[in-house]
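Subject: Structure for your review, with notes

Dear colleague,

I am passing on the structure below and would be grateful if you could look through it alongside my notes. The notes follow directly after it.

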Amino acid sequence: MAAASAHAAQSETTTGLDHRKLLMWAFLGSDCLFFGSLVSTYLLYRGKSVVGPYPYEVFNIPYTSVSAFVLLMSSLTMVLALAAIQRGDLRGLKVWLLATALLGAVFLGGQYFEFTTFVHNGLTLRSNLFGSTFFTLTGFHGLHVTVGVIILLSFFVMALRGKVKPEQHLNIELAGLYWHFVDVVWIVIFTVVYLVEAPNIV
Amino acid sequence: MITTAQQHQRAHPSPARYVAIALILSVITLVEVGVVYTDGLRSALLPILLVLSATKFAMVAMFYMHLRFDSRLFSALFVGGILLTSAILVALMSLFRVFFA
């Protein structure tokens with residue numbers, strides 16, 4: 001309801017759509033190409049490393065599955081934050097924004113632990129083709145998550161200071177679009193990088 | 001006056017529906033992990049994982065990113081990027097003869 005009335009209040013554009021939202025979707029479409037190139041590179045060099053460590057020697061599927069679940073649940077809390085501000089519930093907005101940022105931070109902490117474990121096992125950016133492509137792909141994803149956490153915490157602090165109004169729900173929606181994108185990218189990475197290697201580990 | 005944006009945008013789902021979608025996504029994730037540890041499914045593992053992954057991707061995009069309820073122009077921008085990415089991936093795989101190895 002509030003979303004529809006806020007849309008009515010926005011200034012007319014040539015498309016009838018908010019330009020900021022259009023720009024965000026154009027950015028996400030182009031970011032697909034960025035991650036697509038990194039995933040393609042990973043797949044091209046998959047199984048081409050001449051020295052170890054190999055994926056089946058370092059991957060821990062149950063551990064990464066928990067990380068994937070955490071990021072998936074952060075998408076739920078993010079959309080609940082948007083639903084809260086759309087119905088004018090600023091307290092709910094703060095709670096769900098903080099929950100999303102915390103879940104994102106847990107994911108990043110998990111990735112940091114995973115990376116350091118891999119490095120202790122001898123896998124670095126320079127050790128082989130697997131290390132180079134794996135760390136580049138997952139590292140850039142982690143960078144996206146980090147940016148997302150910073151954005152969410154910024155909105156949380158602004159909300160605490162009373163600087164986020166219900167009629168500004170589009171700002172939260174744009175942050176949410178970025179966050180969900182980060183989640184869908186991980187859905188792809190979790191499958192094509194981790195799960196396809198699982199039979200070699202078991 | 002009804003704007004084009006209003007005509008394109010339908011009401012978003014309720015919080016209860018968002019939670020229901022999260023439950024479905026969680027179950028799919030459990031199935032994904034279960035499938036990789038099931039010996040009998042190894043020959044069909046890749047297609048099963050791709051279908052499950054694509055289902056999760058589509059559900060998040062449609063319901064959490066609201067593509068199902070928003071303007072089709074947003075869908076075109078996003079799906080266009082995905083299709084272009086897929087085309088590049090297939091082209092690179094073919095160029096480097098990954099499909100024929």
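What percentage of the 101 residues in chain B do buried residues make up? Buried residues make up 25% of them, where a residue counts as buried if 20 or more other C-beta atoms lie within 10 Å of its own, as exposed if 12 or fewer do, and as partly exposed in between, the C-beta atoms being placed from the backbone.

Please bear in mind that this is a predicted model, in which local features need pLDDT of at least 70 and side-chain atom pairs count only at pLDDT 80 or more, while totals for chains, interfaces and linings use all residues. Residues are numbered from 1 along each chain as its sequence is written, and chains are lettered from A and ligands numbered from 1 in the order in which they are written.

Confidence

The mean pLDDT (the predictor's confidence in each residue, from 0 to 100) is 92 for chain A, with 94% of its residues at 70 or more. Over residues 1–6 of chain A, however, the pLDDT is below 50, although this stretch has twelve contacts in the model beyond near neighbours in sequence; two residues are in contact if their C-beta atoms, placed from the backbone, lie within 7 Å. Where pLDDT is low, the predicted coordinates should not be read in detail.

Chain B has four helices and zero strands, which are DSSP runs numbered from the N terminus (H or I and at least four residues for helices, E and at least two for strands). Among the contacts in chain B with a separation of 6 or more, 52% are accounted for by residues 24 or more positions apart.

The contact between the chains takes 45 residues from chain B and 44 residues from chain A. On the side of chain B that touches chain A, the largest share, 13 residues, comes from α4(B), and the residues of that side divide into 30 nonpolar, twelve polar and three charged. Here Ala, Val, Leu, Ile, Met, Phe, Trp, Tyr, Cys and Pro count as nonpolar, Asp, Glu, Lys and Arg as charged, and the others, Gly among them, as polar.

One helix pair

Helix α7 (residues 169–194) of chain A and helix α3 (residues 45–64) of chain B pack at about 175° with their axes 9 Å apart, the axes being lines fitted to C-alpha atoms, for helices over the stretch in contact, and the angles running from 0 to 180 degrees between N-to-C directions. α7(A) is mostly covered, since 23 of its 26 residues are buried.

Individual residues

The peptide bond from A:Gly52 to A:Pro53 is cis, with omega near 0°, and A:Pro53 is placed in the loop between α2 (19–44) and α3 (55–58) of chain A. B:His66, in the loop between α3 and α4 of chain B, has a phi near 65°, a positive value in a residue other than glycine, and is buried, with 21 other C-beta atoms within 10 Å. A:Phe115 lies in helix α5 (residues 90–120) of chain A and counts as partly exposed, with 17 C-beta neighbours inside 10 Å.

With best regards
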